[in-house]
Amino acid sequence: MQNILTILLIEDDQIEVMKFNRILSKMEMKHNVIEANNGEEALNYLMKKENLPSIILLDLNMPKVNGIEFLKILKNDDVLKYIPTVVLTTSNNYKDIFECYKIGIAGYLVKPLKYEDYKNKLIKLLSYWSVNELITV
């Protein structure tokens, strides 16, 4: 039995957001998606501590508060640090990957250029998290 996830998608590129939502729709995945255009917007939402997501999907390269800055703030919060956060980005820079794992992410996926490859990665990612037992914080 798969759980319906509440996903906080933090992505500044609207084409990527549309692609993400199209894949969910085509695959008939009933997950709830909350969209934030950057880390600052996401933090404003999360700091209310209401309707917290089951999982956060985070792009690294964003204006205002970038992904790594966002992670540092998130993981220093006594409540928010328990939300699994997966980086979903175009950067395969080892320094970025290492820094993210050091801060405490649950996974790091590099977005493939081909739509089909991206779709397959996303389906596996969401399938994995929807069969996990997640806590509500």
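Modeller: A nonpolar core is a set of buried Ala, Val, Leu, Ile, Met, Phe, Trp, Tyr and Cys residues joined through side-chain atoms within 4.5 Å. Buried means under 20% relative accessible area, exposed over 50% and partly exposed in between, with a 1.4 Å probe and protein chains only. This is a predicted model, in which local features need pLDDT of at least 70 and side-chain atom pairs count only at pLDDT 80 or more, while totals for chains, interfaces and linings use all residues. Residues are numbered from 1 along each chain as its sequence is written, and side-chain values use heavy atoms, with hydrogens and water left out.

Colleague: Which members of the largest nonpolar core touch the most other members?

Modeller: The largest nonpolar core has 24 residues. Those that touch the most other members are Ile10, Leu46, Ile56 and Phe70.

Colleague: Which helix gives the most to this core?

Modeller: Helices (H or I, at least four residues) and strands (E, at least two) are DSSP runs, numbered from the N terminus. Elements supplying at least two core residues each include strand 1 (6-10), helix 2 (39-46) and helix 3 (67-75). With four residues, the most is given by helix 3.

Colleague: Within what arc do the buried residues of helix 3 fall?

Modeller: The buried residues of helix 3 are Gly67, Ile68, Phe70, Leu71, Leu74 and Lys75. The arc is that of the directions from the helix axis to the C-beta atoms. Seen down the axis, the buried residues line one face of helix 3, because they fall within an arc of 155 degrees.

Colleague: Is lysine 119 buried or exposed?

Modeller: Lysine 119 has its place in helix 5 (residues 115-130). Residues up to four places away in sequence aside, lysine 119 touches Ile23 and Met27, where contact means heavy atoms within 4.5 Å. Its relative accessibility is 18%, so lysine 119 counts as buried.

Colleague: How do the rings of tyrosine 128 and tryptophan 129 pair?

Modeller: Rings of Phe, Tyr and Trp (its six-membered ring) pair if their centres lie within 6.5 Å; planes under 30 degrees apart count as stacked, over 60 as edge-to-face and the rest as tilted. Tyrosine 128 is partly exposed at 46% relative accessibility, whereas tryptophan 129 is buried at 10%. Their ring centres lie 5.1 Å apart with the planes at 85 degrees, so the pair is edge-to-face.
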